Amino acid sequence: MLVRTPAIVLSAIKYSESDLIARLYTRELGTQSFILKGIRKSRKGKLRTSFFQPLTQLEIETQYKGKGTLEYIKEARVTFPYQNIYTDIVKSSITLFFSEILTQLLTEQQPDE
């Protein structure tokens, strides 16, 4: 089923040469992990690695299968771009701290508004 939902990036992990595994908290799906194939090498795709910084607010479109495996993101768009959160070391540290706390708290894969 095709799902378009707002999401918050909790974490992103490098996987192999060019892939990324991102853990997102979505409104309709709860906490989900997504694999982004070739995102670290691609220069022309719709997805960028900068979209998957901690606590970035996104609007994603995914083909959700519900099998409990890694899903794929078809399209992602930043809904609220931050101006200087990643250039200021204090703000960046606070962002990483909140991201770690939210990762520990949001463990369910069920939606929870």
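Colleague: Which residue in E5 is the bridge partner of Ile60?

Modeller: The partner of Ile60 in E5 is Ala76. Please note that this is a predicted model, in which local features need pLDDT of at least 70 and side-chain atom pairs count only at pLDDT 80 or more, while totals for chains, interfaces and linings use all residues. Residues are numbered from 1 along each chain as its sequence is written, and side-chain values use heavy atoms, with hydrogens and water left out.

Colleague: How many bridges join E4 to E5?

Modeller: Two strands count as paired if DSSP finds at least two bridges between them. E4 and E5 run antiparallel and are joined by five bridges. Within this pairing, Glu59 faces Arg77 of E5.

Colleague: In which sense do E1 and E4 pair?

Modeller: E1 and E4 are antiparallel, with seven bridges; Ile8, for example, lies opposite Gln57 of E4. The pairing of E3 with E5 is parallel and has two bridges. In E5, Glu71 is the bridge partner of Phe34, and Tyr72 is that of Ile35.

Colleague: How many of the seven residues of E4 are buried?

Modeller: A residue is buried under 20% relative accessible area, exposed over 50% and partly exposed in between, with a 1.4 Å probe and protein chains only. In E4 five of the seven residues are buried, so this strand is largely enclosed by the rest of the structure. For E3 the count is six of seven, so E3 too is largely enclosed by the rest of the structure.

Colleague: What does Val3 touch, not counting residues up to four places away in sequence?

Modeller: Contact means heavy atoms within 4.5 Å. Beyond four places in sequence, Val3 touches Glu28, Leu29, Ile60, Glu61, Thr62 and Tyr64. Val3 belongs to strand E1 and has a relative accessible area of 8%, so it counts as buried. The C-alpha atoms of Val3 and Thr62 are 5.4 Å apart, although 59 residues separate the two in sequence.

Colleague: Which residues touch the most other members of the largest nonpolar core?

Modeller: As a general point, nonpolar side chains in soluble globular proteins tend to be buried together. A nonpolar core is a set of buried Ala, Val, Leu, Ile, Met, Phe, Trp, Tyr and Cys residues joined through side-chain atoms within 4.5 Å. The largest core here has 15 residues, and those touching the most other members are Leu24, Leu36, Phe52, Leu58, Ile60, Ile73 and Ala76. At least two residues of this core come from each of E1, E2 (19-26), E3 (30-36), E4 (57-63) and E5 (71-78). E2 has the largest share, three residues. Ala76 touches Lys46, Leu47, Phe51, Phe52, Glu59 and Ile60, leaving aside residues up to four places away in sequence.

Colleague: Where is Ser16 found?

Modeller: Ser16 is in the loop between E1 and E2, and its phi is positive, near 55°. Most residues other than glycine have a negative phi. Ser16 counts as exposed, at 51% relative accessibility. Leu55, in the loop between E3 and E4, also has a positive phi, of about 65°. Leu55 is buried, however, with a relative accessible area of 16%.

Colleague: How many residues line the largest pocket?

Modeller: Fourteen is the answer; of these 14 residues, Ala12, Leu20, Phe52, Gln53 and Pro54 lie nearest its centre. The elements giving two or more residues to this lining are strand E1 (2-15) and helix H1 (89-105), and E1 gives the most, with five. On a 1 Å grid over the protein atoms alone, a pocket is an open set of points where a 1.4 Å probe fits, with protein on both sides within 12 Å along at least five of seven lines; lining residues have an atom within 4 Å of a point.

Technical notes
Helices (H or I, at least four residues) and strands (E, at least two) are DSSP runs, numbered from the N terminus.
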